[in-house]
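I keep these entries as a plain record of what I looked up. Each one takes up a topic and notes what I found.

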Amino acid sequence: MKIELDKNKVYFNNGSLKKEIHPFWLRERVDGEDFLDKGTQQRLFDPTVLDNQISIESAIISNQFLEINFNDGVNTKLNINKLTQEFSNEDLVIKSIPKIKWNSTLQNIKNFEYQDNFFESKEMHDLLISFYKYGFVVIKDIPTDDNFIVKFANSIGSVRRTNFGEYFDVKSKSDPNDLAYTSLGLAPHTDNPYRNPVPCIQLLHCIENEVEGGLSTLVDGFTVTEDLKKEHPEFYKILSEIKVKFKFIDKDVILEDQSELIKLNDDNSFKQVRFSPRLDYVPMMDKDKLDFYYKARKQLSKMYNSDKYRIEFKLAPKDLLMMDNYRLLHGRTSYETKDGNRFLQGCYIDYDSTEGKLRHLKRKYNL
Ligand SMILES: [Fe+2]
């Protein structure tokens, strides 16, 4: 990608295509100290009130800078590298991390270890990369005092508080209001599909785990839906087209949201799965269509619940599991309360936390 000049017009040339860059687009990017705050990199002027008829009076390229005099008297020196990076308009940090498909054969995934200054460390950068590749990561040796999970979450970004509070305790209770608070097994599901937006990332911190069973289970929704697309394209199609309603009701609130079980981006790439068959309401459709939809959902459920895709592992005290709630399904195997205590704490954070942290650490370590 090159910047070229021709009679006071600025062009970009990527080898096969040469296009003029709008003078106003360049005028918006003037970056002298009168125009851009050094610290925040925010504009000190409002481009929406400028005259749209801005033109270039003269321009030269010297070294890696494009120097322009505009007809409103403003002149600037723009970094050409910075400009060309912007042309692609892509989030190179997150999108360049490839999602790795995995199933029950997944082995030797790296665990991370908590240490001093962890949140600002290169290790934290590597952890986040691993998280985006696999959709989850386990961090060992996280302190368990004073609801440390909240501190952990707030050191990456901000806790996403819900009506269940800032964090929640997962242990069996005598009068549970959710199956999570029993010792029953939990089939793979995603959390809170009825929220708008759905919390992006769940943290689960093991405080005590003295029981025999109670293994944590994970399934990669990305792998399953990619396989479904290959093996049953019509099922994949209808599950990514029909929106179902998810609902949560208690005495204080009624939460509802609608979404496809497989949600795609505009370019048809994977965006999100929601799966919680105790909370979903399929819309009324023609009988034949519903017939087909139910077949598709059954197949998806069969795959989510199959041994082929599930990994199981036991969280030890001080382990923290961080998982992508848009990509992974999670659950647990049953356990006996007579064996002893099983106590986990959970909370949510959103993608802006992990994305912002990762961009920051990349900048800090020049990666
Ligand atoms: Fe859950």
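Entry 1, terms and ground rules. I call a residue buried under 20% relative accessible area, exposed over 50%, and partly exposed in between (1.4 Å probe, protein chains only). This is a predicted model, so I note that local features need pLDDT of at least 70 and side-chain atom pairs count only at pLDDT 80 or more, while totals for chains, interfaces and linings use all residues. Residues are numbered from 1 along each chain as its sequence is written, and side-chain values use heavy atoms, with hydrogens and water left out.

I looked up Ile61 and found it partly exposed, because its relative accessible area is 34%. Ile61 sits in strand S4 (residues 56-62); helices (H or I, at least four residues) and strands (E, at least two) are DSSP runs, numbered from the N terminus. With Leu5 and Ile60, Ile61 makes a nonpolar patch on the surface, and together they have about 230 Å² of accessible area. Accessible areas come from the Shrake-Rupley method with a 1.4 Å probe, and for residues only the protein chains shown count as cover. Patches take residues with over 30% relative accessible area and no salt bridge, joining like charges within 9 Å and nonpolar side chains (Val, Leu, Ile, Met, Phe, Trp, Tyr) within 5 Å.

Which residues coordinate the iron ion? I find His189 (NE2), Asp191 (OD) and His330 (NE2), at 2.1 to 2.2 Å. Donors are N, O and S atoms within 2.8 Å of the metal (3.2 Å for Na, K and Ca), and sites may look incomplete because water is not among the atoms. The donor spacing in sequence is H-x1-D-x138-H. Asp191 lies in the loop between strand S10 (186-189) and strand S11 (201-209), and His330 in strand S20 (residues 328-332), so this pair ties together parts 139 residues apart in sequence. Asp191 and His330 are both buried.

A nonpolar core is a set of buried Ala, Val, Leu, Ile, Met, Phe, Trp, Tyr and Cys residues joined through side-chain atoms within 4.5 Å. The largest one has 35 residues, and Leu127, Ile139, Phe152, Leu203 and Met322 have the most contacts inside it. Among the elements that give it two or more residues are helix H4 (122-134), strand S8 (136-140) and helix H9 (351-364). Leaving out residues up to four places away in sequence, Leu127 touches Phe112, Phe118, Val137, Ile139 and Met322, where contact means heavy atoms within 4.5 Å.

I count a salt bridge when a side-chain nitrogen of Lys or Arg is within 4 Å of a carboxyl oxygen of Asp or Glu. How many salt bridges does the structure hold? It holds 24. In one of them, Asp72 pairs with Arg27, with the closest N and O atoms 2.9 Å apart. Asp72 is in the loop between strand S5 (65-70) and strand S6 (75-79) and Arg27 in helix H1 (residues 23-27), so the pair ties together parts 45 residues apart in sequence. Are the two partners buried or partly exposed? Asp72 is partly exposed at 36% relative accessibility, whereas Arg27 is buried at 4%.

Asp141 counts as partly exposed because its relative accessibility is 34%.
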